[in-house]
Amino acid sequence: MSQELPDGMVWIEGGRFQMGSDAFYPEERPERPVQVDGFWIDAVPVTNRRFAAFVAATGWVTLAERPADPRDYPGAPPEMLVPASSVFDPIPGVATLAVPLSWWSYVPGASWSHPYGPDSDLSGLDDHPVVHVAWQDVEAFAQWAGLDLPTEAEWEFAAWGGAINQAFVWGHELEPDGQHMANVWQGQFPDDNRVSDGWFRTSPVGTYPANGYGLHDMIGNVWEWTRDWWGAAPAMPTKTCCAPLNPRGAPRSGSGDAANPKMPRKVLKGGSHLCAPNYCQRYRPPARHPQAIDTATSHIGFRCVKRVRAR
């Protein structure tokens with residue numbers, strides 16, 4: 001590579017790998033050969049410090065900081081249209097896996113700079129991943145920085161760090177010899193977190209060991225946005241000798257869900273500090289999750305890439 005190293009980024013040489021998994025969740029199937037070109041990627045997720053610099057330079061107001069347009073949400077009660085975001089807030093004795101999403105609260109005033117609500121701030125969180133960022137926020141940041149968001153294939157290739165045939169990036173055990181390898185949930189989700197790693201929510205980027213490519217927090221801490229629209233994984237190539245080069249996701253149309261088909265969704269990767277053995281075992285590179293582009297939460301962040309060759 002002749003290009004000068006972009007600040008805070010790592011060069012990924014690219015190559016061929018097995019994308020997806022046949023061993024876990026249906027949306028990860030099938031496991032299939034894929035090729036990607038080389039690219040630069042942030043060594044860590046975008047932090048509050050870095051996002052604050054973007055806001056100071058541009059005056060950007062995130063989606064969570066703006067009132068929702070009632071024309072986009074016909075019939076929504078007025079209290080749901082104020083500036084707000086979703087915060088992980090389990091209520092003991094109430095939050096339960098039997099009631100999906102019972103551990104979330106839609107909090108007026110919650111945003112990237114007030115991550116737990118209007119009375120919170122970023123004290124001590126400068127080096128934590130920025131959260132409460134919706135798709136248009138991360139896209140605006142990337143454009144300002146002269147970067148882009150990774151495709152799902154790029155992200156997954158980078159997350160493996162050169163490892164193959166393992167349950168996790170670091171081996172076959174979630175906590176080898178009792179060592180915490182990523183910021184994930186310890187205990188029974190959603191209301192019993194032992195916090196044995198010291199972090200109930202996000203952790204400073206780089207707290208846990210890097211993968212084989214020198215990338216931190218590709219697993220756990222926060223989910224990360226990718227550029228691809230959500231859809232079922234493509235079928236296995238008919239010719240096993242041929243691996244698609246730089247594949248892209250499904251079309252925007254059809255990426256919504258049954259409850260809100262008009263709202264498109266992107267692919268998230270990497271899992272977060274809320275992933276647990278009894279719930280959301282998505283602390284693995286093949287794991288994927290859909291996220292509506294108009295939604296921000298307290299456990300979603302992002303990192304950027306820089307490509308040598310335009311797609």
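**Close-up views of a predicted model**

**View 1. Asp-148 and Arg-227 pair up in a salt bridge, with their closest N and O atoms 2.7 Å apart.** This pair links distant parts of the chain: Asp-148 sits in the loop between helix 2 and helix 3 (152-160), while Arg-227 is in strand 7 (residues 223-229), 79 residues apart. Keep in mind that the model is predicted. Asp-148 counts as buried, at 19% relative accessibility, and Arg-227 counts as buried too, at 18%.

**View 2. Glu-156 meets Lys-269 in a salt bridge of 2.7 Å, N to O.** Glu-156 belongs to helix 3 and Lys-269 to strand 8, so the pair ties together parts that are 113 residues apart in sequence. Both of these residues are buried. Elsewhere, shared partners join Glu-139, Asp-148, Glu-154, Arg-227 and Arg-307 into one salt-bridge network.

**View 3. Here the side chains of Arg-284 and Glu-28 form a salt bridge (2.6 Å, N to O).** Arg-284 is in the loop between strand 8 (265-269) and strand 9 (288-292), and Glu-28 is in the loop between strand 2 (15-19) and strand 3 (32-36), so the pair ties together parts 256 residues apart in sequence. Arg-284 and Glu-28 are buried.

**View 4. What separates the sulfurs of Cys-275 and Cys-280?** The gap is 3.0 Å, too far for a bond, because a disulfide needs the sulfur atoms within 2.5 Å. The structure holds zero disulfides.

**View 5. Asp-126 sits in the loop between strand 6 (104-108) and helix 2 (135-145).** Asp-126 is partly exposed, at 35% relative accessible area, and touches Thr-47, Asn-48 and Arg-49, leaving aside residues up to four places away in sequence.

Methods
Residues numbered from 1 in each chain as written. Predicted model: local features only at pLDDT ≥ 70, side-chain atom pairs only at ≥ 80, totals over all residues. Heavy atoms only, no water. Helix = DSSP H or I, 4+ residues; strand = E, 2+ residues; numbered from the N terminus. Buried < 20%, exposed > 50% of the residue type's maximum accessible area, 1.4 Å probe, protein only. Contact = heavy atoms within 4.5 Å. Salt bridge = Lys/Arg side-chain N within 4 Å of Asp/Glu carboxyl O.
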